Amino acid sequence: MLSRRREDKVFSVLIKSGGIATIFVILSIFFFLFWEVLPIFVPARIETLKITTVKQTLKGEVFLLDEYMNYLISVGNDGFKIVNAREGDVVSTEIINDLHAFYLDPLTYVLFLVRDDATVDIFDILWVEKFTKFGKRFVEPSIDKVTSFKLPSKVDLIRGVKLPEDEGYLFIGSSKETLYFVNLETEEDFLTEEITYSPRLSSFKVEHNVVDVAISRDGKFICVISGFYLSCFERENLLSEKLLSYTLSSRAVAFDFLVGDRALVLLEDGKPPVVWITAKIGSEVRFVNAKNFSRGCKEYINLSVSPINRTFLAQCGNGTFYAYYSTNERLLLESPAPVLSSPIFITPRGDHLFWVTKDEIYTVRFVNDYPEISLKSLFGKVWYEGMDSPSYVWQSTGGTDSFEPKLSLIPLLMGTLKGVVYSLIFAVPISVLSALLVSQFMNSKQINLIKPAVEFMASIPTVILGFLAALWLAPLIERNLFSFLVIFVLLPFYILVFYFVFTVLPSDSKWKTIGLAAVFIYSLGPLFHMTKRLEYLWFEGGFVEWLSENGVYYDQRNALIVGLAVGFTIVPIIFSIAEDAFSNVPKSILVGAMALGASRIQAVFKVVLPAALPGVFAGIILGFGRAVGETMIVLMATGNTPILDFSPFTGFRTISANIAVELPEAPLGSSLYRVLFLSALLLMVIALVFNGVANYIRMRLHRKLKF
Amino acid sequence: MKQKDKVTDPIFEIKDLSFWYGQNKALDSITFDIQKGDITAIIGPSGCGKSTLLRCLNRMNDLIEGVRVEGDILFEGQSIYKKNIDLIMLRKRVGMVFQKSNPFPKSIYENVAFGPRIHGVKNKNILDEIVEKSLRDAALWDEVKDRLHHSALKLSGGQQQRLCIARAIAVDPEVILFDEPCSALDPVASAKIEELMLELKGKYTQVIVTHNMQQASRVSDWTAFLLMGKMIEFGPTEQIFLAPRNKITEEYVTGRFG
Ligand SMILES: Nc1ncnc2c1ncn2[C@@H]1O[C@H](COP(=O)(O)OP(=O)(O)OP(=O)(O)O)[C@@H](O)[C@H]1O
Ligand SMILES: [Mg+2]
């Protein structure tokens, strides 16, 4: 007796600790996922102000820091200087006495100087890679003159960029209503491999005084503000075909292209920043005002665009500065600047901000790791650069560094839903009807045959199902789509016809059943041939071709295939839960209904089914939960294109497949990495909620049916 | 109570009925008649085949696999074991109340309306009427009239059993079969059912299987005593209880059987 009690105790402790361990594991998974997601909710901030005193007075107006913040390049009306930004020593000075105007492009590291005699010098700022004796990398600036050319007359305002892939330079200079455009193309001497630039100059007259000019760094677009009018052009159609025309309402302080060259920011006093992006309107490219920002300055003093992403900074005359992100229209940060009236600059890595006064350099760390993630970009419609309207898009990586990440979870959620819905369309009728059949109409011998088969179904590795679906089922259905659809729709009616014949035939022998079943199976062949013949007659032999001619796109690996394959995996789940629910309905109820004169079918459908319905529903929810997380089949049997439609003939990408596809490629700690964890968390919550709901319904049902 | 000692107006004529569950013979050549409008009790020790006999009367045994019947039962002169008999009609005319109350997991109203509905009554007003009348007949109306649309499973055991009677009445049967209707009820609830049976007498022919001798003697007009599948004695209740012709019957009804 004593040992028995001790045994009970040991077991109860074991069971309890097992349960607690399970809960603990689930909680840890949650905690881990949450921990990985948490950083994206931390807003951008600045921290650790550092001040370096420069040992000479700086007359510079425009500044550049290298990525390690060792050297400061200062450009002013007296020439340029290189300063050791850590020690404050001036490393080198280039005094230019006849300097008339200058421009330093902060993203392509090119410096243009105009002298009094209208000569333009172009300097490349090169970051020469060096290593300390401990092997640590750093860069030293080297300002090298590339070429110079002469303009017909002196200009006051100049802008210029270095084109990518050494294609040369673009330069624009203007004075009053004159605009000079200079294209310096790279020419390489065949023999000496010496590189020269030949400036091709074109000059234009505009109606008003030129205020500012912006050139996209790929050389494609040029925007000009003259008077109160802002216009943008393609480089080839300068001043002729306007891609944007806008009338300013107040003083324009600055405008520039963001990284990627498809978004233009304008700071106008008294307004939040205005951003235009390129959009396809019909077949034309236009700049559209697609973004709304919430805060801005009464009086701006400068604009600084991030070299690494679509962050840009605007500083106000009162010392406040704002950081924005273009894609999702986010205000990242509003903060007082450490220096009141000096303009704000951003470092090449975009991770520090700095201000320079006459004799001091102020740097702060700019923590802004996940600017592209926001509720709007995850779940809202966003008008991305180059598209024709706002949309939900998932496209996490592109070919270039300046690619605009598109992190909408909507196509993935919808893809998940699409997969689940098509799976349920196949699985629910089959599993519920067979559960009904097994629990209400079969004898124990038949049940013993069916149940292991269903259990076997559940034990097939999904990778095999995915493999079969992709390589066998998908081509098979593509070839016989029409027949498949027709038979799928007609089969229930066809079965009904046979059932009718079955009830009408008088005999009671089992040969009737076997004979009818044989006829049924044998007749499927001719039925199939008939559909083939119809397809031949109606669609000239190719239903799939006919579909695509009529605008219905057909992917070989599509929702239909996935529905069949994933449906196959959830049939056992729904079946076993539903069967359980049906068998839990007391037999006495069925008998009671039949004693009132109900037929077996009536009793089953009018009494047993309604009584078990919550259980069936729980099974469906559980199947839903399972289908939501299904990865392997979806991965293999769809094209994994994250498109947003509900056609049965196209593929889709689910959250789970997306994680499988993208996580190996996602850099640790990157935005993509975090968003993938977020989607995993979402998936887990969905699965847990569905499981919880299903179990709750089942428990209630059990309690209710217990008499 | 009864003057007659012979069944004069039989609604059921059971003729040489034998019944097998597979190899197991549960009834052995049973013959007797059931008087229309009266209450007939079937008594006998456990396992003697009372329920089996009762279920033969509306062919509920058909639901069990591997059973076999010999002999015949005439219901209103028609054999119910002939081919192509309309079972639905038979069960509509011969209702049944089970030992364990078995209301459907639906509302009280839906429980009572279930029978009429499957027999084709769709009109809401008629259904309302049937439900009320059946519940009144089952002496349940006053207790449930305010909660007709609440779950039937919330009723007490006795109320559930009366609901099952109401449900049987609702299809307007001619016969109601009771299989130990009070075995799960306390004496008060049992008394109510007995009272109800006496009230329903005349409107319906009733057949009751019971282990309770007092109950049988109180409510029934006729009593059949079964033992091991055989009919030992059948006759007016008074005779069976006061002057049984068979020695075993006497031992059984006086409680000395064993
Ligand atoms: N479904 C069945 N399958 C096989 N044998 C059965 C079945 N139902 C009853 N029997 C057998 O038939 C015989 C008569 O059973 P029956 O239920 O008719 O007895 P009863 O008189 O109603 O007993 P009780 O008073 O305990 O209800 C018993 O031996 C029983 O084991
Ligand atoms: Mg019994």
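Me: How many bridges join S7 to S8 in chain A?

Reply: In chain A, 5 bridges join strand S7 (residues 110-115) to strand S8 (residues 119-131), and the two run antiparallel. Helices (H or I, at least four residues) and strands (E, at least two) are DSSP runs numbered from the N terminus, and two strands pair if DSSP finds at least two bridges between them. This is a predicted model in which local features need pLDDT of at least 70 and side-chain atom pairs count only at pLDDT 80 or more, while totals for chains, interfaces and linings use all residues. Residues are numbered from 1 along each chain as its sequence is written, chains are lettered from A and ligands numbered from 1 in the order in which they are written, and side-chain values use heavy atoms, with hydrogens and water left out.

Me: Which residue in S8(A) is the bridge partner of A:Phe112?

Reply: The bridge partner of A:Phe112 in S8(A) is A:Ile122. S7(A) and S8(A) form a hairpin with 3 residues between them, and A:Ala118 in the turn has a positive phi of about 70°.

Me: And where does S8(A) go next, I mean what does S9 in chain A do with it?

Reply: S8(A) is joined by 13 bridges to strand S9 (residues 137-150) of chain A, and these strands run antiparallel. A:Lys130 stands opposite A:Phe138 in S9(A), while A:Thr119 has A:Lys150 in S9(A) as its bridge partner. The hairpin of S8(A) and S9(A) has 5 residues between the strands, and A:Gly135 takes a positive phi near 85° there.

Me: What holds paired strands of a sheet together?

Reply: Strands of a sheet pair through backbone hydrogen bonds, either parallel or antiparallel.

Me: OK, what about the sheet with S2, what is the order of its strands?

Reply: The order is S2-S3-S4-S5 in chain A, an open sheet of 4 strands with antiparallel pairing. Strand S2 (62-65) and strand S5 (90-95) of chain A are at the edges with a single partner strand each, so one side of each is left without a neighbour in the sheet. The twist averages 15° from one strand to the next, where angles run from 0 to 180 degrees between N-to-C directions and axes are lines fitted to C-alpha atoms, for helices over the stretch in contact. Within this sheet, S2(A) and strand S3 (residues 71-76) of chain A pair in the antiparallel sense over 4 bridges, and A:Phe63 stands opposite A:Ser74 in S3(A).

Me: Switching to chain B, at what angle do H4 and H6 pack?

Reply: Helix H4 (residues 124-137) and helix H6 (residues 157-170) of chain B pack at an angle of about 130°, with their axes 8 Å apart. H4(B) and H6(B) are therefore oblique to each other; angles under 35 degrees count as roughly parallel, over 145 as roughly antiparallel, 65 to 115 as roughly perpendicular and the rest as oblique.

Me: Which residues make that contact?

Reply: The contact (heavy atoms within 4.5 Å) is made by B:Ile130, B:Ser134, B:Leu135 and B:Asp137 of H4(B) and by B:Leu163, B:Ala166, B:Ile169 and B:Ala170 of H6(B). These residues divide into 6 nonpolar, 1 polar and 1 charged, where Ala, Val, Leu, Ile, Met, Phe, Trp, Tyr, Cys and Pro count as nonpolar, Asp, Glu, Lys and Arg as charged, and the others, Gly among them, as polar.
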